[in-house]
Amino acid sequence: MLIALGGTATVTSATASENDTSKVALPEMNAERGKNLFAERGCVICHSVNNVGSDVATSLDASNMNVAREPFEFFARMWRGAHQMLALQQADLGYQIDFSGQDIADIFAFVQNSETQEDFTEEDLPDHIKEIIDNGPSISGK
Ligand code: HEC
């Protein structure tokens, strides 16, 4: 099932009556909350949105997300980049970024939502994250 996200679209549950997928449930996805997480958790240290953040890794502008508009594909792409991401997180933050399923659902909503992204500015960045970006993340992933 593909979910088209418009605005801060909310999908409470996906029901699939066939086979054994009847217990599949998707979390609500909140792009506004995702915007805060994207900044606070530090994705922005390597990925930019709306020209905010660094260019160590691929920009996560909604316009770049046309290929993958479903959450599992988004996560699969993160998985493929995991090795590099974790090494760089260790170098720049000193720890591995933690997130729940709900957190990543909200971040997914944010990276798909060009309207919410237009409101994303430097002012959304907490000081300690801004400092790391200003000092230049230590290694380039590219
Ligand atoms: C310390 C650097 C760093 C941080 C922090 C980081 N990433 Fe990444 N990310 C990378 C690198 C490096 C890659 C692989 C190379 C690339 O895709 O540019 C990557 C790849 C990805 C991809 C795949 C992109 C594609 O087009 O295939 C996604 C999606 C992604 N990251 C999302 C996130 C999210 C969400 C967060 C925050 C929870 C995050 N990243 C935090 C460095 C980072």
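Asn-51 sits in the loop between α1 and α2, where helices are DSSP runs of H or I with at least four residues, strands are runs of E with at least two, and the numbering starts at the N terminus. Its phi is positive, about 65°, although Asn-51 is not a glycine. Most residues other than glycine have a negative phi. Asn-51 is also exposed, at 71% relative accessible area; exposed is over 50%, buried is under 20%, and partly exposed is in between, with a 1.4 Å probe and protein chains only.

Asn-50 is in the loop between α1 and α2 as well. Again we get a positive phi, about 55°, on something that isn't a glycine. Asn-50 is partly exposed, at 32% relative accessibility.

Quick housekeeping. This is a predicted model, so local features need pLDDT of at least 70 and side-chain atom pairs count only at pLDDT 80 or more, while totals for chains, interfaces and linings use all residues. Residues are numbered from 1 along each chain as its sequence is written, and side-chain values use heavy atoms, with hydrogens and water left out.

Zooming out, the protein has six helices and zero strands. Of its 142 residues, 42% count as buried.

Now the metal. Which residues coordinate the iron atom of the ligand? They are His-47, through NE2, and Met-85, through SD, at 2.0 to 2.3 Å. A donor here is an N, O or S atom within 2.8 Å of the metal (3.2 Å for Na, K and Ca), and water is not among the atoms, so sites may look incomplete. That pair links distant parts of the chain: His-47 is in the loop between α1 (31–40) and α2 (71–80), Met-85 is in helix α3 (residues 82–92), and they are 38 residues apart. His-47 is buried at 13% relative accessible area, whereas Met-85 is partly exposed at 24%.

On to the rest of the ligand. It has 17 residues around it, and the closest are Cys-43, Cys-46, His-47, Thr-58 and Met-85; a residue counts as near if one of its heavy atoms lies within 4 Å. Helix α3 gives the most to that shell, with five residues.
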